[in-house]
Amino acid sequence: MGVIGLKASSPCNMSANAPCVSARSERRREPPRRARGPLQHGADVELAALEQERCLDGWEYSRELYRSTIVSEWNLVCEDDWKAPLTTSLFYVGVLVGSFVSGQLSDRFGRKNILFSTMAVQTGFSFLQIFSTSWEMFTVLFVIVGMGQISNYVVAFILGTEILGKSVRILFSTLGVCIFFAIGYMLLPLFAYFIRDWRLLLLALTVPGVFCVPLWWIIPESPRWLISQGRYKEAEVIIRKAAKINGIPAPDVLFDPVEMQDSKPQQQQKAILLDLFRTRNIATITIMSLLLWMITSIGYFGLSLSTPNWHGNAYVNCFLSAVIEIPAYVIAWLLLRYLPRRYSISGTLFLGGGVVLFIQLVPAGSHVLSIFLVMLGKFGITSAFSMLYVYSAELYPTLVRNMAVGATSTASRVGSIVAPYFVYLGAYDRFLPYILMGSLTVLIGILTLFLPESFGNPLPENFEQMRRVKCFRNAQKPTGVRKSKENPKMLVTPL
């Protein structure tokens, strides 16, 4: 907001929406006609038949909302107007690539290392964008920023999920991550309102990344990941430190040498992407999860991208779109805490998709009611979206957990790239985007009911402990699971 969009006018065409051309026609003899009103297109003059030329005198940009954007910086108007939306699309391409590779990198090199590496990439390349000398340079850096941004988000979520106990894990993954995301979302229009130059705005958004450097000495590596790699001594040090801080006496022996020796081949195994499809059950869970993430993302970003079409101030609209996410995340936290995952996600998807379908029944002049239904629809879809991270992390074992969340998050980025085209369909029928998004959301809500339930179950450590989808008959209980209760406070750190 405030970086890309800006209206433009030209000496040869003062309309921002009309083609930026000037017309030149030869005088021809016509029979005299009576004085009449303004010339009618198609009746008195055929614009398509007139010779056209490009604007040669430059453009004047409206400063009503923004003082400077990349549009005014590099004149992304007229024949170059396609570059502005392409900039956003390429950012999401970077997000897609980052979602895909972050899981594999953190599964191989560790959660903490990749977290801070990608954080450095996001902060560093965002800072370099300030000194961009061309649109091409800005766009290439923007792709890399997108890769770093989503990578540290996904890895931070996985690290918190694995290092915290069950009760605290739900609080972290909903109210912790999502509420602060919404707060940052609300601060964005506030920053953009007072800082209307795109370079200064980027600088203001980059500085907070520097404040994360001291967290390297506070955030530990994931003990679960260390155990999966056979690095028991490092995991034991972290666990004992957490137990000491929490005032919980740790047992003298945390890891049985016999069990460690027996599980050594399993821990040294390196996971690859194909492991998400190694059996019929795992492949079914993965495919259903990919569809769930992608369609939910289409609904979320489709409704978010439609906010500029509201009546009113652009900054206020953006703020309202962020505010509705606060109660959505609170409801998601309560649902995750007390109700099964499948029913919670499916119910909120039914709410969001059903309400969006009802928009077509609203009278044309009822703008307030339309906005209310859109916000209610986004409330439901946002709640479901926030629960997907928890649900996906609980379905997969430690060896591929981060890879699985990264892959499903990649599917959601595909949805975010497709979502603008759903909004674009409104040019043909203003209700068509809502009909498509609502229908798909309701259908994926039904599909969610067939996924396994993870509520109240410990995180699986291997593929044998993964639960089966509901449509499979003769489902057997997971084997090889040691009968022990997870201590919800065992791995709680000061953070």
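**Side-chain pairs in a predicted model**

I start with Y193, which is partly exposed at 42% relative accessibility. Buried here is under 20% relative accessible area, exposed is over 50%, and partly exposed lies in between, with a 1.4 Å probe and protein chains only. The model is predicted, and local features need pLDDT of at least 70 while side-chain atom pairs count only at pLDDT 80 or more, although totals for chains, interfaces and linings use all residues. Residues are numbered from 1 along each chain as its sequence is written, and side-chain values use heavy atoms, with hydrogens and water left out.

Staying with Y193, R196 lies over the face of its ring, 4.6 Å from the ring centre. A charge counts as over a ring if NZ of Lys or CZ of Arg is within 6 Å of the ring centre and within 35 degrees of the ring normal. K112 is placed over the face of W216 in this sense, at 4.3 Å from the ring centre.

Now the aromatic pairs, of which the structure holds 16. Y193 and F194 make an edge-to-face pair, with 5.1 Å centre to centre and 90° between the planes. W293 and F385 also pair edge-to-face, at 6.2 Å centre to centre and 80° between the planes. For the cut-offs, rings of Phe, Tyr and Trp (its six-membered ring) pair if their centres lie within 6.5 Å, and planes under 30 degrees apart are stacked, over 60 edge-to-face, and the rest tilted. Helices are DSSP runs of H or I with at least four residues, strands are E runs of at least two, and they are numbered from the N terminus.

How do the partners differ in accessibility? F194 is exposed, with a relative accessible area of 62%, whereas W293 is buried at 0% and F385 is buried at 10%. F194 belongs to helix α5 (residues 166–194). Its C-alpha atom is 9.9 Å from that of Y66, a residue 128 places away along the chain. W293 and F385 also belong to one aromatic cluster, formed by W74, F91, Y92, F138, F142, W198, W293, Y300, F301 and F385.

Next, the charges. How many salt bridges are found in the whole structure? The search finds nine, a salt bridge being a side-chain nitrogen of Lys or Arg within 4 Å of a carboxyl oxygen of Asp or Glu. I will go through three of them.

The side chains of R199 and E73 meet at 2.9 Å, N to O. R199 is partly exposed at 23% relative accessible area, and E73 is partly exposed at 33%.

R111 and E162 form another salt bridge, with 2.7 Å between the closest N and O atoms. Helix α3 (residues 111–129) supplies R111 and helix α4 (residues 135–163) supplies E162, so parts 51 residues apart in sequence are tied together. R111 is buried, at 0% relative accessible area, and E162 is buried, also at 0%.

In the third, the closest N and O atoms of E394 and R341 are 3.0 Å apart. E394 lies in helix α15 (residues 367–395) and R341 in helix α14 (residues 341–358), so the pair ties together parts 53 residues apart in sequence. E394 and R341 are buried. Salt bridges with shared partners also join D107, R111, E162 and R401 into one network.

Back to helix α6. Its buried residues are W198, L201, L202, A204, T206 and G209. D197 caps its N-terminal end, with a side-chain oxygen 3.1 Å from the backbone nitrogen of R199. A polar contact is a pair of N or O atoms within 3.5 Å; within protein, one must be able to donate a hydrogen and the other to accept it, and residues adjacent in sequence count only if both atoms are side-chain atoms.

Last, S416, which is in helix α16 (residues 398–424) and is buried at 2% relative accessible area. Its side chain reaches the backbone oxygen of R413 at 2.6 Å. Which residues does S416 contact, leaving aside its neighbours within four places in sequence? They are Y92, S297 and F301, where contact means heavy atoms within 4.5 Å. Y92 and F301 are also among the members of the aromatic cluster.
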